[in-house]
Amino acid sequence: MVNAGDMNGSGNLMDFLDEPFPDVGTYEDFHTIDWLREKSRDTDRHRKITSKSKESIWEFIKSLLDAWSGWVVMLLIGLLAGTLAGVIDLAVDWMTDLKEGVCLSAFWYSHEQCCWTSNETTFDDRDKCPQWQKWSELLVSQSEGASAYILNYFLYIMWALCFAFLAVSLVRVFAPYACGSGIPEIKTILSGFIIRGYLGKWTLLIKTVTLVLVVSSGLSLGKEGPLVHVACCCGNFFSSLFSKYSKNEGKRREVLSAAAAAGVSVAFGAPIGGVLFSLEEVSYYFPLKTLWRSFFAALVAAFTLRSINPFGNSRLVLFYVEYHTPWYMAELFPFILLGVFGGLWGTLFIRCNIAWCRRRKTTRLGKYPVLEVIVITAITAIIAYPNPYTRRSTSELISELFNDCGALESSQLCDYINDPNMTRPVDDIPDRPAGPGVYSAMWQLALALVFKIVITIFTFGMKIPSGLFIPSMAVGAMAGRMVGIGVEQLAYHHHDWIIFRNWCRPGADCVTPGLYAMVGAAACLGGVTRMTVSLVVIMFELTGGLEYIVPLMAAAVTSKWVADAFGKEGIYEAHIHLNGYPFLDVKDEFTHRTLATDVMRPRRGEAPLSVLTQDSMTVEDVETLIKETDYNGFPVVVSKDSERLIGFAQRRELILAIKNARQRQDGVVSNSIIYFTEDPPELPPNSPHPLKLRRILNLSPFTVTDHTPMETVVDIFRKLGLRQCLVTRSGRLLGIITKKDVLRHMAQMANQDPESIMFN
């Protein structure tokens with residue numbers, strides 16, 4: 001036996017792990033965090049700061065700084081996200097116009113800015129000014145004719161290919177994580193998954209630069225989804241400057257939730273919609289404190305963007321509209337039809353896009369990302385140029401489709417036949433018969449609609465930043481504008497029909513086609529993403545059309561019902577499942593009558609569970625167990641015979657603890673006994689120093705009995721954010737259920753491939 005003197009002498013050595021050591025409490029890449037442990041660690045930290053603050057003035061000031069650090073981080077995120085969004089908007093405007101021509105007075109001006117400064121612009125030809133020259137005018141001094149058209153066409157394609165090639169090359173070489181929309185991964189990260197580098201500085205830089213390039217190339221994608229990723233990268237960067245967030249993954253995710261809100265705030269100029277988007281669509285854990293901070297971050301971001309004024313109209317909103325006619329109850333029928341169209345389009349898009357992305361992952365196509373981007377860009381540019389509605393940027397297209405036809409509009413969509421005897425105020429123009437411009441615009445819109453539907457399926461998911469909000473809205477806006485013009489002409493020519501008689505008299509302004517475009521845009525975006533509340537709020541903040549909430553709500557709810565009838569998954573959840581991320585969706589219902597014993601490991605016929613004993617295993621035994629298995633942690637039991645549960649030790653912390661002990665504590669060798677109890681075990685004389693690892697042991701692991709229904713287990717995993725749960729019977733350890741086991745069981749019950757869940 002070791003005598004009392006030896007024991008006391010080695011006591012300090014054995015307890016050295018009562019002091020924290022580097023990297024303890026951190027997680028490996030592609031693993032899930034333990035929410036309960038992170039919450040408990042933050043509570044301990046807060047308790048320590050509160051007790052110390054009473055000791056001195058300096059400690060009190062430090063506690064105040066700690067309390068305010070959250071608001072400082074939100075301020076910094078809002079400022080940086082707003083600035084980046086403003087710069088991206090300005091750069092996209094300039095580079096989109098660069099494909100068609102250049103401003104001679106200042107080459108960094110976009111077409112619109114160039115003609116603002118001109119004194120020679122007439123109202124009828126407001127888009128034409130001598131300072132802005134198309135490439136054909138600059139190179140061959142011709143603005144009209146076949147040769148000028150062909151040269152402009154060729155250079156449009158070349159610029160588009162150049163931008164797309166540069167973007168995909170930058171992503172491939174410097175930041176592979178900068179591709180895609182980023183929202184599926186942000187949702188997964190916010191649910192507690194670790195993807196190192198996904199929110200890093202390189203990703204932030206490359207995503208910002210390549211986002212400008214791909215949107216300018218004319219591909220059918222938007223910048224709104226990627227702006228959420230950019231804002232979350234800002235959030236990750238600033239949270240790493242404060243130990244409160246950098247050392248606690250749970251707290252860091254509160255910052256990222258607020259950053260996502262700031263991202264939507266600057267993407268659409270919709271701060272309240274951003275907060276609701278973060279709450280409804282991306283966040284997993286959203287306490288009230290995070291709601292206030294999200295609101296503040298979204299406010300600062302929107303204010304910063306407004307100060308930069310990238311749209312040049314002194315407005316924060318992207319597609320500001322002013323309609324002069326109220327909507328009528330009879331119009332709810334076409335609005336609901338647009339909702340049905342949005343739901344069907346959402347279902348079609350999700351199924352086709354996922355099938356194409358799966359093909360990309362499983363065939364040789366995935367080995368040639370640069371070639372794929374070049375081919376899709378070339379096809380897009382070749383087909384888009386001849387049609388004026390696909391040639392311009394998608395945001396400009398949506399803006400024109402939302403517009404009401406005033407007396408000063410020069411768009412083809414407003415080419416109505418005017419009554420020469422009309423003496424009306426400018427704002428109140430009655431419904432008129434459509435002119436030839438409207439009919440040709442309808443044909444062009446129909447062709448543009450088919451093209452957008454098809455090309456967006458192949459574009460979303462390529463190895464470049466690609467958002468889905470704007471293309472989805474464009475599809476809905478085109479369909480909506482066409483329906484709106486149809487209803488308007490029907491009301492004009494058949495105002496004596498019973499449905500029009502009450503509210504549409506001859507010479508009255510009854511139907512607003514722009515409103516139908518707005519409702520169609522909301523319906524299609526809702527059908528793809530399955531958003532409802534945040535979608536309606538974003539739409540009315542985006543357009544300023546507050547009195548049209550009811551039509552927007554009717555369309556959003558209808559599109560969600562129709563789309564849900566074909567499958568509950570939105571596009572982001574579908575991409576999460578495609579990539580095999582361990583995301584336990586709150587919206588999924590588990591209704592099967594299985595028990596914990598059916599899911600736990602080990603199953604019948606499998607090797608027994610790998611466990612640690614509380615005081616009988618050597619350092620070598622533990623190192624061998626770690627080397628031979630790839631489990632994230634090990635239950636600790638009294639002994640192999642009794643299997644009474646003591647606690648749970650994480651694999652990573654065992655490795656770090658043993659490594660640190662070998663470096664810092666003399667006498668720890670391979671045959672040193674490891675013990676997890678408060679007091680050391682009784683050892684024979686001259687045996688090596690034992691190693692106490694009680695500090696890294698979780699003494700209150702979450703346990704369920706073997707007869708707990710899986711419905712309850714799934715709820716526990718969802719609501720508490722567990723990594724694993726131990727299964728016991730009368731205190732004896734029977735097995736373990738991990739988050740991966742739960743997800744695989746749910747996939748199996750839904751007749752899906754359980755092996756598609758790839759990560760822990």
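In which sense do β4 and strand β7 (residues 673-675) pair, and over how many bridges? The two strands pair in the antiparallel sense over two bridges, where strands count as paired if DSSP finds at least two bridges between them. Helices (H or I, at least four residues) and strands (E, at least two) are DSSP runs, numbered from the N terminus.

This is a predicted model, in which local features need pLDDT of at least 70 and side-chain atom pairs count only at pLDDT 80 or more, while totals for chains, interfaces and linings use all residues. Residues are numbered from 1 along each chain as its sequence is written, and side-chain values use heavy atoms, with hydrogens and water left out.

**Strand pairing**

- The strands β4, β7 and β8 form an open sheet in the order β4-β7-β8, and the pairing in this sheet is mixed.
- At the edges of the sheet stand β4 (617-618) and β8 (691-692), each of which pairs on one side only.

**Disulfides**

- The structure holds three disulfides, a disulfide being a pair of cysteine sulfur atoms within 2.5 Å.
- One of them joins C103 to C114 with an S to S distance of 2.1 Å, and this disulfide is right-handed because the torsion about its S-S bond is about 75 degrees.
- Since C103 lies in strand β1 (residues 101-103) and C114 in helix α4 (residues 111-116), the pair ties together parts that are eleven residues apart in sequence.
- Both C103 and C114 are buried, a word that stands for under 20% relative accessible area, whereas exposed means over 50% and partly exposed covers what lies in between (1.4 Å probe, protein chains only).
- C115 and C129 also form a disulfide, with their sulfur atoms 2.1 Å apart, and the torsion of about -75 degrees about the S-S bond of C115 and C129 makes it left-handed.
- This pair ties together parts that are 14 residues apart in sequence, because C115 lies in helix α4 and C129 in the loop between α4 and β2 (132-134).
- C405 is joined to C414 by a disulfide with an S to S distance of 2.0 Å; the link is left-handed, with -80 degrees about the S-S bond, and both C405 and C414 are buried.

**Salt bridges**

- A search of the whole structure finds 25 salt bridges, each being a side-chain nitrogen of Lys or Arg within 4 Å of a carboxyl oxygen of Asp or Glu.
- One of these is formed by R37 with E653, whose closest N and O atoms are 2.5 Å apart.
- The pair links distant parts of the chain, with R37 in helix α2 (residues 35-52) and E653 in helix α27 (residues 651-664), 616 residues apart, and both R37 and E653 are buried.
- E249 meets R252 in a salt bridge (3.5 Å, N to O), and because they are three residues apart in helix α11 (residues 249-268), E249 and R252 are separated by about one helical turn.
- E249 also forms a salt bridge with R253, the closest N and O atoms being 2.8 Å apart, and R253 and E249 lie four residues apart in helix α11.

**Nonpolar cores**

- The largest nonpolar core has 175 residues, and those with the most contacts inside it are F402, M473, M539 and I737.
- A nonpolar core is here a set of buried Ala, Val, Leu, Ile, Met, Phe, Trp, Tyr and Cys residues joined through side-chain atoms within 4.5 Å.
- A second, separate core of 20 residues includes V619, L625, L654 and V668.

**Backbone geometry**

- Most residues other than glycine have a negative phi, and most peptide bonds are trans.
- A cis peptide bond, with omega about -5 degrees, joins R601 and P602, and P602 is placed in the loop between α25 (596-599) and β3 (612-613).
- F30, which is not a glycine, has a positive phi of about 60 degrees; F30 is found in the loop between α1 (4-14) and α2 and is partly exposed, with a relative accessible area of 27%.
- N751 likewise has a positive phi, near 60 degrees; N751 is placed in the segment after α29 (739-749) and counts as exposed at 74% relative accessibility.
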